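Here are my comments on the model you sent. They follow the structure topic by topic.

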Amino acid sequence: MRKLIIEKAAVRANMAVIKERARGAALYGVLTGDGGGAGLTELARLIRDEGISRFAVGTVEEAQALREAGFEDEELLMLRATVDREELERLVDLNVVCTISSVDTGLALNAVAENRSTVAEAHIQVDTGMGFGGFLADEPEKILSVYRNLPNVAVSGICTQLHARKKGGEDLAARLGQFHRVVEAVHQAGFETGIVHAAGSYALMHYDFAR
């Protein structure tokens with residue numbers, strides 16, 4: 001039987017390097033897939049001790065497990081958008097930041113929040129061509145409709161996901177440029193984007209323009 005051994009000292013050393021590269025930017029600890037096999041709550045506690053207070057999950061069950069483990073004040077971001085009413089209700093009850101990746105997912109979240117007489121917090125996901133999901137970068141009007149037409153949703157962030165091959169620097173720069181233009185379009189329309197973030201540790205570690 002194989003065992004996965006996590007060296008806590010190595011994790012702390014890696015965190016120090018990441019924080020140095022990030023230059024003070026907000027960091028999310030991505031805990032999907034049971035913390036990549038390291039254990040959801042165990043890894044969350046370890047990186048929380050290193051100053052991380054924002055975490056990203058992929059399922060409602062992961063969010064609930066963290067809340068029940070004492071992560072009551074930390075921000076939890078659900079990376080996967082959903083239109084399932086039961087899932088959305090549980091996410092709102094757990095005070096999880098939801099992801100809006102389309103007009104339909106935005107409308108579904110707004111309906112749940114309206115039914116609960118509350119305002120749900122959400123981040124907008126932008127797809128810059130990698131196929132990870134989200135609003136297409138060349139359709140800013142659909143993105144702006146979220147700000148304009150969903151009164152029970154408070155948009156507190158906008159994000160994209162990056163993928164870079166070893167020789168993909170130019171391609172990555174172009175995709176980041178697309179994302180920046182979307183952010184600028186939101187600002188020009190008179191709205192605040194909140195936190196702007198991109199999932200892509202390879203890009204952070206290998207390309208200065210991604211910092």
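1. Which unit do β2, helix α4 and β3 make, and what is its handedness? This is a predicted model. In it, strand β2, helix α4 and strand β3 form a β-α-β unit, and the unit is right-handed. The helix covers residues 60-68. The strands run over residues 54-57 for β2 and residues 75-78 for β3.

2. Next, the sheet. Three strands build it, in the order β1-β2-β3. The sheet is open and its pairing is parallel. The edges are taken by β1 (29-30) and β3. Each of these has a single partner strand, so one side of each lacks a neighbour in the sheet. As background, strands of a sheet pair through backbone hydrogen bonds, in either a parallel or an antiparallel sense.

3. Now the pairings in detail. Strands β1 and β2 are joined by two bridges, in the parallel sense. Strands β2 and β3 are also parallel, over four bridges. Gly29 has Phe55 of β2 as its bridge partner. Phe55 also stands opposite Leu76 in β3. Val57 has its own bridge partner in β3, namely Met78.

4. How do the axes of α5 and α6 cross? They come within 10 Å of each other, at an angle of roughly 60°. The two helices therefore count as oblique to each other. The crossing of α5 and α6 is right-handed. Helix α5 spans 85-93, and helix α6 spans 103-115.

5. Two backbone torsions deserve a look. Most residues other than glycine have a negative phi. Asn95 has a positive one, near 60°. Asn95 lies in the loop between α5 and β4, the latter being 98-100. Is Asn95 buried or exposed? Its relative accessibility is 56%, so Asn95 counts as exposed, the cut-off being over 50%.

6. Ser117 is the other torsion to check. Its phi is near 55°, again positive in a residue that is not glycine. Ser117 sits in the loop between α6 and β5 (120-127). With a relative accessible area of 69%, Ser117 is exposed.

7. How many disulfides does the count come to? The count is zero. Cys98 is in no disulfide, and the nearest cysteine sulfur, in Cys159, is 12 Å away. A disulfide here needs the two sulfur atoms within 2.5 Å.

8. Are they buried or exposed? Cys98 has a relative accessible area of 3%, so Cys98 is buried. Cys159 is buried as well, with a relative accessible area of 8%. The cut-off for buried is under 20%.

Methods
Residues are numbered from 1 along each chain as its sequence is written. This is a predicted model: local features need pLDDT of at least 70, side-chain atom pairs count only at pLDDT 80 or more; totals for chains, interfaces and linings use all residues. Side-chain values use heavy atoms; hydrogens and water are left out. Two strands pair if DSSP finds at least two bridges between them. A crossover is right-handed if, with the strands pointing away from the viewer, the path from the first strand over the helix to the second runs clockwise. Buried means under 20% relative accessible area, exposed over 50%, partly exposed in between (1.4 Å probe, protein chains only). Axes are lines fitted to C-alpha atoms, for helices over the stretch in contact, and angles run from 0 to 180 degrees between N-to-C directions. Angles under 35 degrees count as roughly parallel, over 145 as roughly antiparallel, 65 to 115 as roughly perpendicular and the rest as oblique. A crossing is left-handed if the near helix is turned anticlockwise from the far one by less than a right angle, and right-handed if clockwise.
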